[in-house]
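Here are some notes for a colleague who is opening this structure for the first time.

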Amino acid sequence: MTDSPWHILGAGAIGCLFAAKLQRGGVPVTLLLRTSPAAATLPVVVASGGNSSELALPAAGVGDRGYIAQLLVTTKAPDVVTAVMSVSDRLDRNSRVVLLANGMGFAAELQRQLPGMDIYSGTTTEGAYRIGPQRVCHAGHGRTLVGQPGLTQPPDWFAPWAEALGECCWEPNIEQALWEKLAVNCAINPLTALHRCNNGELLRNENLADEVDRLCGEISRVSDAAGFTAVSQALRGTVNRVITATADNRSSMLQDVLAGRPTEIDYITGHLVATARRYGVPVPCNEELLLQIRGLESRRDGPDPVQR
Ligand code: KPL
């Protein structure tokens with residue numbers, strides 16, 4: 001089965017970047033596209049640090065037939081469950097599924113819909129964005145963590161991944177790693193989307209910095225209640241470090257809002273608020289942001305004029 005291709009669902013920037021890295025490292029891949037492609041391979045260009053390389057990546061349609069032994073899902077969070085369910089008749093209990101999307105909540109949702117499925121979760125700080133159809137800019141080299149709750153040692157399939165992807169590690173405590181990323185995203189993404197500012201503004205602007213403080217206080221209390229004390233203790237420092245390292249970036253949520261796309265708010269702040277309710281922890285600032293971003297989404301009428 002380790003020779004079977006990794007089918008990649010979600011041929012956006014991260015999907016194409018991972019497909020290219022895996023194929024270059026000798027791991028077979030197949031991009032799964034919404035409609036069956038005219039040719040068996042798709043040319044994908046990856047630009048990085050002034051150089052660019054083109055690869056011919058095998059491609060197929062989600063509606064095509066054939067067993068899927070290994071599936072990597074790189075869609076946006078709200079699309080994960082629907083995307084996997086669209087190929088569920090091509091999977092069985094021996095298939096392995098790696099979910100690499102921002103936010104939390106979809107893995108549990110999927111496990112409910114596909115009981116017994118071998119699901120892994122990942123989180124990455126690789127930075128990539130699309131510069132055209134099948135053209136990706138690899139903007140920042142990052143680290144990828146993959147794991148499965150309760151599995152301390154990496155399974156056999158993981159070694160070729162780690163080799164092909166470079167900075168890619170097996171994470172025995174993947175739930176904590178996902179929670180830490182969620183906590184950071186809760187503190188940064190909704191505020192930047194609401195105020196339409198780059199990440200760095202959250203430290204430069206005093207009022208926004210105070211808001212980040214309040215959000216971090218609430219997120220830390222939920223983290224403690226949920227048993228992620230290591231995350232809560234370091235949170236404000238971690239958030240400051242991420243804001244500083246990504247000061248000139250637009251958060252993914254701001255990019256979604258500006259492009260008139262649905263955001264990942266329900267799987268970021270929505271997941272935090274649901275967890276807070278389960279533990280009876282008040283999180284009024286996060287609840288307010290959740291409502292405001294949902295409000296922005298309901299008024300969505302296409303791309304922001306500055307983006308057209
Ligand atoms: O993960 C991010 C995102 O934008 O989704 C951060 C770390 C906030 C960088 O922008």
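1. Accessible areas in this note come from the Shrake-Rupley method with a 1.4 Å probe. For the protein chain, in what is a predicted model, the accessible surface comes to about 14100 Å², and 49% of that surface belongs to carbon and sulfur atoms.

2. Turning to overall dimensions, the C-alpha trace of the protein chain spans about 55 × 45 × 35 Å along its principal axes. The radius of gyration of the protein chain is 19 Å, which agrees with the value near 19 Å that a compact globule of 308 residues would have.

3. Among contacts in the protein chain with a separation of 6 or more, 66% are accounted for by residues 24 or more positions apart.

4. How much space lies in the second largest pocket? The volume there is about 450 Å³, and of the 23 residues that line this pocket, M104, A107, A108, E175 and L178 are the closest to its centre. The elements that give two or more residues to this lining are the helices α3 (106-113), α5 (174-195) and α10 (269-279), together with the strand β7 (118-124).

How values were computed. Residues numbered from 1 in each chain as written. Predicted model: local features only at pLDDT ≥ 70, side-chain atom pairs only at ≥ 80, totals over all residues. Heavy atoms only, no water. 1 Å grid on protein atoms, 1.4 Å probe; cavity = no way out; pocket = protein on both sides within 12 Å on 5 of 7 lines; lining within 4 Å. Points joined across faces, edges and corners; volume = space filled by probe spheres on them. Helix = DSSP H or I, 4+ residues; strand = E, 2+ residues; numbered from the N terminus. Rg over C-alpha atoms; globule rule 2.2 N^0.38 Å. Contact = heavy atoms within 4.5 Å.
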